[in-house]
Amino acid sequence: MIAIGHPWTSDGQRQVFRAVLESWSRPGQVADLGAWIGGSRASLAALAALCDAATTLADPDALLTDGDRSRLGARAAAAGEAAFVIADAHRAPGVAPARGSLLAPELGATLVLECQAVGEGPALRLTGPGIERCGELRALGIDPHWWPARAGWCAPPQGVDLILCDARRIACIPRSIAVEV
Amino acid sequence: MPDNDLAFAPREAVLDLAAALAEGRRVEHLSVPQEGLWLLQLREPVRGDGWYVGEVPVGQACVALHDPALGCASGGAVLMHADRELAVAAAVCDAVERSGWPGAEEVACLRASGAAVLQAAAAERAAILERTRVGFNELGQEDA
């Protein structure tokens, strides 16, 4: 067969989806997606597992190729309205992502942040649901303006969910988690 | 639905031809090949409500073939078969045939063989249907 490889295989996407789900339920825990990303980056694998034609995607920093956008199948939308936003963590945040509303908090965006490294670098202190007392997440290459911006976007149940990604690894920070730098 | 002609050609012949046509070329998947059921939605004309009339098994693929000498050719296929592998092969054949690359004649032959199978099935169905025709004319009246 003229095969399509990871991260586009249904088997790989199921594994990545499982890993993302696990990371959501244990905020700050680092998951290695290396086995399922093929030659791409973890951010693309996460989006491939989460997006389909029923979702919307914004790529304000042009991190995805035309081919990847086409294969993801998600409809393009403005960064302030999209269900999924992929952004470069090295740059300061631009347009605020969708936060949802009190009646529809599920419309809050999932922000996929491309970092230099996840699991290495300066420590972030995490507290909230899913973390016993206090957790720690190390991440490198994130513009410091992201954290106050995120704090402003998140007022649970409204807010923005974060997936931090490097080349192979991801860590999730749901909107209900407080982050101290 | 010319795509569907290839779905009725011998499956192994389509796969073998597509593999031969892809030899030495890079196959780029422009969308993720899919297989599954499509829900057929109709919209009723008064209130505009949508409702589902039924499901159709479908395989679909969209590819670009990159040839070092000939350039790039893209093609796609939507088959009424939940067969991802066959859809990819049909998309490769479609790309070659659309661009008129060497091998287009073989694709046309396979398409014709599939169309012949479809026509034979349609003729067989028409013959069966013909036998079920009921005349509602009153006795003694001639057909118009």
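This is a predicted model: local features need pLDDT of at least 70, side-chain atom pairs count only at pLDDT 80 or more; totals for chains, interfaces and linings use all residues.
On the side of H3(B), the contact is made by Cys93(B), Asp94(B), Val96(B) and Glu97(B), which meet Ala104(B), Val107(B), Ala108(B) and Arg111(B) of H4(B).

From H2(B), the residues Arg11(B), Val14(B), Leu15(B), Leu17(B), Ala18(B) and Leu21(B) take part, and they meet Glu85(B), Leu86(B), Ala89(B), Ala90(B), Val92(B), Cys93(B) and Val96(B) in H3(B). The contact of H2(B) with H3(B) is made up of 11 nonpolar and two charged residues, and no polar residue belongs to it.

In soluble globular proteins, nonpolar side chains tend to be buried together. The largest nonpolar core of the model holds 29 residues, of which Val14(B), Leu21(B), Leu79(B), Val92(B) and Cys93(B) touch the most other members. Two or more residues are given to this core by each of helix H1 (2-7), helix H2 (11-22), strand E3 (50-67), strand E4 (71-79), H3 and H4, which are elements of chain B. The element that gives the most to this core is H3(B), with 10 residues. Apart from this core lies another, of 28 residues, whose members include Ile37(A), Ala48(A) and Ala49(A) as well as Val32(B). Returning to Leu21(B), and leaving aside its neighbours within four places in sequence, this residue is in contact with Val92(B), Cys93(B) and Val96(B), and also with Pro102(B), Gly103(B) and Val107(B).

Pro10(B) is placed in the loop between H1 and H2 of chain B. With a relative accessibility of 48%, Pro10(B) counts as partly exposed, since that class covers values between the limit of 20% for buried residues and that of 50% for exposed ones. When its neighbours within four places in sequence are left aside, Pro10(B) is in contact with Leu110(B) and Ser113(B). Between Pro10(B) and Asp94(B) there are 84 residues of separation in sequence, while the distance in space is 16 Å, taken from C-alpha to C-alpha.

In chain A, H1(A) and helix H2 (residues 42-50) pack at an angle of about 100°, with their axes 8 Å apart. That angle makes H1(A) roughly perpendicular to H2(A). Gln13(A), Val16(A), Phe17(A) and Val20(A) represent H1(A) in this contact, where they meet Ala45(A), Ala46(A), Ala48(A), Ala49(A) and Leu50(A) of H2(A). Of the residues in the contact of H1(A) with H2(A), eight are nonpolar and one is polar, and none is charged.

Several features of the backbone in chain A may also be noted. The peptide bond from His6(A) to Pro7(A) is cis, with omega near 10°, and Pro7(A) lies in the segment before helix H1 (10-25) of chain A. A cis peptide bond also runs from Pro156(A) to Pro157(A), with omega near 15°, and Pro157(A) is found in the loop between helix H4 (146-153) and strand E8 (161-165) of chain A. Ala62(A), although it is not a glycine, has a positive phi of about 50°; Ala62(A) sits in the loop between strand E2 (56-58) and helix H3 (66-72) of chain A, and at 58% relative accessibility Ala62(A) counts as exposed. A positive phi, near 60°, is also found in Arg133(A), a residue other than glycine. Arg133(A) belongs to the loop between strand E6 (117-127) and strand E7 (135-140) of chain A, and its relative accessibility of 73% places Arg133(A) among the exposed residues.

Definitions and conventions:
Residues are numbered from 1 along each chain as its sequence is written. Chains are lettered from A and ligands numbered from 1 in the order in which they are written. Side-chain values use heavy atoms; hydrogens and water are left out. Contact means heavy atoms within 4.5 Å. Helices (H or I, at least four residues) and strands (E, at least two) are DSSP runs, numbered from the N terminus. A nonpolar core is a set of buried Ala, Val, Leu, Ile, Met, Phe, Trp, Tyr and Cys residues joined through side-chain atoms within 4.5 Å. Buried means under 20% relative accessible area, exposed over 50%, partly exposed in between (1.4 Å probe, protein chains only). Ala, Val, Leu, Ile, Met, Phe, Trp, Tyr, Cys and Pro count as nonpolar, Asp, Glu, Lys and Arg as charged, and the others, Gly among them, as polar. Axes are lines fitted to C-alpha atoms, for helices over the stretch in contact, and angles run from 0 to 180 degrees between N-to-C directions. Angles under 35 degrees count as roughly parallel, over 145 as roughly antiparallel, 65 to 115 as roughly perpendicular and the rest as oblique.
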